[in-house]
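Here is a short note for a colleague who is opening this structure for the first time. Please keep the viewer open and follow the points in turn.

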Amino acid sequence: MTRLARTSVWPGIALAGGVFVACLLVSLAFGPASLSLGEVWHFVTTGPVQGDLPNAIFWQIRLPRVLVACLVGAELAVAGVILQDLFLNPLTDPYVTGVSSGAALGATIGIVLHMSNLPWMTVLALIGGFATLGIVWMAARRRGRIDIFVLLLAGVTISYLASAVVTVLMIRANQDMYAIVYWLMGSFSGRGWPDVEIALVAVPFMIAPLFFAREMDILLQGEKRALELGVEVERTKRVLLVTAGVLTAIAVSVSGIIGFVGLVVPHIVRLLVGPGHRSLLPVSLLLGASMMGIADLLSRTVIAPNEIPVGVVTTFVGAPLFVYLLRRGRKG
Amino acid sequence: MSTTRPPRRPAAVLILTALIFAVLGAFALAGCGSTSSSGGEASPAASTSSASGPITVTDGSGATVTLDQPATRIVSLAPANTEIAYAIGAGDKMVAGTSYDDYPEEAKSLPKIGDFANPNVEKIASFNPDLVLAAGGIQDKLRSKLEKLGMQVYVVDPTTYDGVMTDVTNLGQLTGSTEQAQQVVDTMQKAKDDVQAQVASLSRPATFLEIYSKPLMTAGGETFIDDMITMAGGTNLGATAGSGFPTFSTEVLFKNDPDVYIADSGSMSKPGDITKRAGFDVLTAVKDGHVYVIEDSLIARPGPRLAQGLQELVRMIHPEAAPTQ
């Protein structure tokens with residue numbers, strides 16, 4: 001059985017890679033400034049040119065934005081896989097650990113203190129995210145081991161608490177309310193190369209879980225069984241939780257809170273390639289990037305020159321799909 | 001605000017979005033009423049304001065407001081309304097304002113009824129006002145509550161510069177300070193006439209006004225900001241994106257390459273150094289040095305200081321225009 005899984009991993013990954021490349025090309029080729037495909041190809045081949053306006057549209061506006069969207073999508077999808085399987089709960093998304101609410105709180109403090117320009121906003125969001133992870137972690141630690149269910153409950157509780165503080169800040173500093181609301185909704189508008197650099201920091205954390213694919217497969221059968229099979233359960237959980245926390249915090253600090261990708265993509269991928277993590281993780285990474293890239297494309301173009309908040313697009317696409325999957329899952 | 005409790009939930013995203021659209025939609029709808037230059041939504045007082053007899057005016061929402069005698073206890077629910085009240089000499093009749101009233105200086109020491117988005121109805125009632133100056137949009141629901149408590153509510157919700165002048169005139173009637181209100185209107189009118197004379201024969205450079213940077217938002221059509229950019233001799237790029245305060249695609253901004261880039265700065269947003277934003281160095285406005293920052297209370301707050309904002313806009317859009325004087 002392992003042998004079979006091993007041989008069948010690559011076609012799935014290659015296919016997902018193909019889908020991702022296609023989505024990336026479509027996202028780069030189309031935009032509200034309607035550059036022709038020939039122009040886009042020309043810009044790609046000539047590279048960034050100082051002082052050329054259409055070139056700047058591609059290299060300074062569109063490309064970094066598409067890259068940020070894809071990176072954030074990949075980060076959320078991988079974090080979603082990790083957390084769903086660690087919590088053994090299909091409704092888990094990267095936001096249940098409280099990390100995102102903590103990051104939102106950090107960002108809100110940044111907005112209220114008028115430190116909303118890079119890099120402060122990101123730094124504060126990361127601090128908020130990591131601080132929350134630390135609190136949740138300490139709450140869940142019992143005699144050297146992490147109690148996953150306490151972690152889940154503590155995460156949800158801290159999440160509510162952080163959101164309540166955000167609400168208080170919104171009311172107290174209500175001149176900043178729009179800024180906070182827009183940030184909470186999530187957006188890739190105005191994201192440039194500095195944001196790409198921040199999102200790129202997460203790449204090692206997207207790859208790291210691949211080295212724990214076998215442990216994650218076994219953990220699906222429960223911690224007890226995993227211990228019996230010689231998995232270092234606590235170490236694996238620690239690494240994976242920190243990884244998911246870092247991925248979420250970085251994603252949220254760059255884009256705000258964008259729902260559904262981290263919830264739905266892992267489910268879709270399980271239906272396509274099964275629960276084995278050697279393919280589930282990389283395929284989720286690639287499809288998460290694809291889905292977010294396309295969602296942002298729609299957000300940029302559908303009602304141009306206006307923009308639809310990208311979280312709305314992912315929700316409109318993700319909600320019907322998720323309901324469909326739930327129904328299908330029940331039948332099967 | 002229940003809308004922010006669990007941001008991880010899709011429902012919260014939807015509710016937040018709905019909230020935004022509702023607020024922006026309300027702005028947009030408010031603008032649909034009438035945009036003719038003859039005066040925003042509020043219409044000038046129909047009756048004379050003789051010493052005795054009821055005063056009747058139509059407010060920014062189209063409702064009729066009647067007072068038996070000039071107001072003596074005024075509560076303002078928006079910084080702009082407070083500014084109008086002080087400008088027309090009704091400052092001594094103000095009994096309460098909002099936490100964000102910052103102009104004129106005296107307004108800061110007024111008792112507070114909460115803030116713009118969350119006025120406290122009990123607190124408002126406790127001042128026993130005979131006139132409440134509300135704003136449109138988020139405060140629409142408040143009106144019926146206040147009226148049930150026996151308060152007269154005048155809604156200030158202009159979408160044009162002239163609409164603001166009409167509101168000033170009406171508040172002059174309601175507070176018995178018609179003369180000072182007329183002076184304020186005259187000043188605003190003179191600023192408008194001067195500016196229009198200055199730019200009459202000039203070209204109309206494409207102007208982009210940034211309300212907020214992430215996401216990029218601008219002032220669309222049917223807003224008094226759009227009205228003022230047009231008056232100041234510019235072509236408002238934001239008007240192509242619809243009415244109200246729409247989001248605006250950065251790519252389209254670049255494609256249209258505005259001649260003048262003005263960022264609104266104030267409590268809500270600090271634009272930072274616009275010329276240093278990635279890629280912005282190719283924009284004509286940046287290359288020609290036509291990037292400006294304007295204080296938001298001068299253009300985004302429908303009060304008497306719009307006259308000052310208008311003059312600043314002319315200096316930004318047409319620095320070459322010699323001030324007539």
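1. Start with a loop in chain A. A:Phe260 sits in the loop between helix 12 (233-255) and helix 13 (261-273) of chain A. This is a predicted model, and all angles below come from its coordinates. A:Phe260 has a positive phi of about 80°, although it is not a glycine. Is A:Phe260 buried or exposed? A:Phe260 counts as buried because 25 other C-beta atoms lie within 10 Å, and the cut-off for buried is 20 or more.

2. Compare a loop in chain B. B:Asn128 is found between helix 3 and strand 5 of chain B. B:Asn128 is not a glycine either, yet its phi is positive, about 50°. Its surroundings are another matter. B:Asn128 has 12 C-beta neighbours inside 10 Å, so it counts as exposed. The limit for exposed is 12 or fewer.

3. Look next at helix 7 (residues 177-185) of chain A. Eight of its nine residues are buried, so the helix is largely enclosed by the rest of the structure. The buried residues include the aromatic side chains of A:Tyr178, A:Tyr182 and A:Trp183. A:Met177, A:Ala179, A:Ile180, A:Leu184 and A:Met185 are buried too. Just after this helix comes A:Gly186, with a positive phi of about 85°.

4. Check two peptide bonds. The bond from A:Ala304 to A:Pro305 is cis, with omega near 5°. A:Pro305 lies in the loop between helix 14 (277-301) and helix 15 (310-331) of chain A. In chain B, the bond from B:Tyr103 to B:Pro104 is cis, with omega near -10°. B:Pro104 belongs to the loop between strand 4 and helix 3 (121-126) of chain B.

5. Turn to the four-stranded sheet of chain B. What is the order of its strands? The order is 4-3-5-6, the sheet is open, and the pairing is parallel. Strand 4 (94-96) and strand 6 (153-156) of chain B are the edge strands, and each pairs on one side only. Neighbouring strands are turned by 30° against each other on average, direction ignored.

6. Follow strand 5 (residues 131-135) of chain B through that sheet. Strand 5 runs parallel to strand 3 (residues 74-76) of chain B, and three bridges join them. Here B:Val75 stands opposite B:Val132. Four bridges join strand 5 to strand 6 of chain B, again in parallel. B:Leu133 has B:Tyr154 of strand 6 as its bridge partner. From strand 5 the chain crosses through helix 4 of chain B to strand 6, and this β-α-β crossover is right-handed.

7. Strand 5 of chain B is also covered. Five of its five residues are buried. In a regular strand the side chains alternate between the two faces of the sheet. On one side are B:Leu131, B:Leu133 and B:Ala135, on the other B:Val132 and B:Ala134, and all are buried.

8. Now move to strand 7 of chain B. Seven of its eight residues are buried. Which strand does it join through a hairpin? A hairpin of two residues links strand 7 to strand 8 of chain B. Strand 7 and strand 8 (residues 216-218) run antiparallel, joined by three bridges. B:Tyr212 has B:Met217 in strand 8 as its bridge partner.

9. Strand 7 of chain B has parallel partners as well. With strand 10 (residues 260-265) of chain B it pairs over four bridges. In that pairing B:Glu210 stands opposite B:Ala263. With strand 9 (residues 235-236) of chain B it pairs over two bridges, also in the parallel sense. There, B:Ala206 has B:Thr235 as its bridge partner.

10. Finish with the contact between the chains. It takes 43 residues from chain B and 55 residues from chain A. On the chain B side, helix 1 (10-32), strand 7 (206-213) and helix 8 (250-256) each supply at least two residues. Which element of chain B gives the most? Helix 1 does, with six residues. The residues on this side of chain B divide into 22 nonpolar, 13 polar and eight charged.

How values were computed:
Residues numbered from 1 in each chain as written. Chains lettered and ligands numbered in written order. Predicted model: local features only at pLDDT ≥ 70, side-chain atom pairs only at ≥ 80, totals over all residues. Pairing = 2+ DSSP bridges. Axes fitted to C-alpha atoms, helices over the stretch in contact; angles between N-to-C directions. Contact = placed C-beta atoms within 7 Å. Nonpolar A, V, L, I, M, F, W, Y, C, P; charged D, E, K, R; others polar. Right-handed = clockwise from strand over helix to strand, strands pointing away.
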